[in-house]
Amino acid sequence: MHFALWPVRVALVIWSTVCMVGIFALAAVLHAVRLLLGAVPGVRPLSRWLLEHYHGMITPLARRVMVDPRNAPILAAVISLAATALPIFIAQLVLYEINWWLVLAFYAVVFGPNVRAYVRSFSALHQEGHHNGLKGRSPYEQACGSSFFYAFLCVVSGLIPHAVGHTQQHHRENGTRIDAFASHRYDHANLWHFFRYMTRDVIYQQFMVTPYLYFKSKGKHTQAAIMIKGNIVYFAVLLPVAIYSWEIALWYMLVPWGASNFLSGVIHWVQHAFYGGRRDYDNFLTHTITLKEAPVNFLNEGYHLCHHHSPGLHWTESPELFERLRDDLKAADSMVFRDLGVTNFFLLLTVFRAFGVLARKYEPWEPMTHEEKIAHIKLRAKPAGTFADNEEPLQQRELEGASV
């Protein structure tokens, strides 16, 4: 069956790539416009003022409806997306015939300049998937294992809801060989390897096939059923829209799905990028990255290693945990970079192989020359079981281990 689906998997990855190229081109234009506007006197202070007052209005509401008021930024992300994307989508439904200005506006608010809007939504749904921040349990949450906020952010962003797969599969296995989201077999500084990962792994991840098989193998039938429900939720929205207008379904749901599928592959690829050069590559401290993003590290998502160390820890406490873990991280040769987000890191490591730039952003635990940093990054980005020239590689059967 795996080989029989090869043409379908390749077609879906090609579709995802085309969608991402288009979205990224728009995001680059929007980013350039934002930079130009930022150069106009008074625009930046006005933007900061509006943002501060917006969050100032959200905070009292968060105290009333959120379990933890510190999650006000998640509520703000949901309200922002609902107040922009939904009116655009409703207007398109009313007009029926495709209005390209509305399409571009929809992509602009869902993905944003430099895809920062998508990063905000993805970070918000990620945290919401872990903590279900709304007070009380809705019927949706009881049936599907995640909050309505989580499902809303997923569907609008083009993702199939998968909170249980993420929390009870990915975090239980922590990027090891039997993790359905692992990328240990691939060279993370090789674009061809990334597309192999997309074709062989990400497509199954996105439709919740491999998490479903994992839960079935463990006898966790409730969690397996929730994987199916995640697909049902997404297609329960897609199919009525497609019946109403296949063009609206294409431009407002299938294109965002394609771009989100690509971006999801990028996120998992980058967050667990460093399996090479270590015999303890199954240790999440070794292969999980820390990105000290700048100027914004929304919900401290860059501290992904801290999140794997303590998934229940509130995101505001991640920087403090990072400092407490320094000795363990040094022993595991955990890779830390500053002033980079996930998308920029992917471009530098996998697309352009700009090791010199990465070396300047790399924060090693012991002093290294620039050339040593470059060599170390190259080695650590290799597949699991790859070592320096003077070390013997692992046997292939030891590398592959158990499979889902």
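So, which helices each supply at least two residues of the lining of the largest pocket? They are α1 (6-38), α2 (43-65), α3 (72-95), α5 (116-131), α12 (246-271) and α17 (342-351). Helices here are DSSP runs of H or I with at least four residues, strands are E runs of at least two, and both are numbered from the N terminus.

Quick housekeeping. This is a predicted model, where local features need pLDDT of at least 70, side-chain atom pairs count only at pLDDT 80 or more, and totals for chains, interfaces and linings use all residues. Residues are numbered from 1 along each chain as its sequence is written, and side-chain values use heavy atoms, with hydrogens and water left out.

Back to the pocket. About 1700 Å³ of space lies in there, and of its 47 lining residues, Arg34, Leu51, Arg116, Ala117 and Val296 are the closest to the centre. By pocket I mean an open set of points on a 1 Å grid over the protein atoms alone, where a 1.4 Å probe fits, with protein on both sides within 12 Å along at least five of seven lines; lining residues have an atom within 4 Å of a point. The volume is the space filled by probe spheres set on the points, which are joined across faces, edges and corners. α2 gives the most to the lining, eight residues.

Now the inside. The largest nonpolar core has 98 residues, and Phe111, Tyr252, Phe274, Phe337, Phe345 and Ile377 have the most contacts inside it. The largest share of this core, 13 residues, comes from α12. A core is a set of buried Ala, Val, Leu, Ile, Met, Phe, Trp, Tyr and Cys residues joined through side-chain atoms within 4.5 Å; buried is under 20% relative accessible area, exposed over 50%, partly exposed in between, with a 1.4 Å probe and protein chains only. There's also a second, separate core of 13 residues, including Phe284 and Tyr303.

One residue I'd like to show you is Glu128, in helix α5. Glu128 is buried, at 1% relative accessible area. Leaving out residues up to four places away in sequence, Glu128 touches Met66, Ile74, Gly133, Leu134, Ser147, Phe149 and Tyr150, a contact being heavy atoms within 4.5 Å.

Last, two loop residues. Val115, between α4 and α5, isn't a glycine, yet its phi is positive, near 50°. Asp339, between β2 (336-338) and α17, also has a positive phi, about 60°, without being a glycine. Val115 is buried at 1% relative accessibility, whereas Asp339 is partly exposed at 36%.
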